[in-house]
Amino acid sequence: FLTDGPSLTTRPTDQTVVEGATVTFSCYSIGNPVPDIVWIKDGKTVATGNILSFETSRNQSGKYWCSAKNDLKTVNTSVNLDVNVSVAILSLSLAR
């Protein structure tokens with residue numbers, strides 16, 4: 001049977017969101033044997049599988065890596081997340 005290293009068929013795209021919003025990244029690959037997909041940020045695994053989805057906080061801004069690996073090789077792609085802090089503007093009414 002034919003073996004083939006992973007090839008990414010869908011890559012995640014950069015996103016800018018407001019803190020507290022849910023962000024979803026997708027990463028799909030083909031290969032034989034079927035590749036395992038791991039999501040990495042700052043050198044640590046944060047999720048496994050094709051979809052990475054979470055509610056954001058400001059400390060989650062940065063670069064995320066999608067890594068597809070089988071017995072033959074590993075391929076990687078990166079995506080940037082920019083989490084903006086929502087600013088509440090308070091208006092004060094002054095009593096006269």
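This is a predicted model: local features need pLDDT of at least 70, side-chain atom pairs count only at pLDDT 80 or more; totals for chains, interfaces and linings use all residues.
Residues are numbered from 1 along each chain as its sequence is written, and side-chain values use heavy atoms, with hydrogens and water left out.

Begin by selecting N32 and P33, where the peptide bond from N32 to P33 is cis, with omega near 5 degrees. P33 sits in the loop between strand 4 (28-32) and strand 5 (36-41), strands being DSSP runs of E with at least two residues, numbered from the N terminus.

Next select D42, in the loop between strand 5 and strand 6 (44-48), which has a positive phi of about 55 degrees although it is not a glycine. D42 counts as exposed because its relative accessibility is 65%, the cut-off for exposed being over 50% relative accessible area with a 1.4 Å probe and protein chains only.

Now select F25, W39, L52, F54, Y64 and L81, the residues with the most contacts inside the largest nonpolar core, which has 17 residues; such a core is a set of buried (under 20% relative accessible area) Ala, Val, Leu, Ile, Met, Phe, Trp, Tyr and Cys residues joined through side-chain atoms within 4.5 Å. Strand 9 gives the most to this core, with 4 residues.

Finally, select S29 in strand 4, which is buried at a relative accessible area of 18%. Leaving out residues up to four places away in sequence, S29 touches S7, L8, T9, P35, I37 and A68, contact meaning heavy atoms within 4.5 Å.
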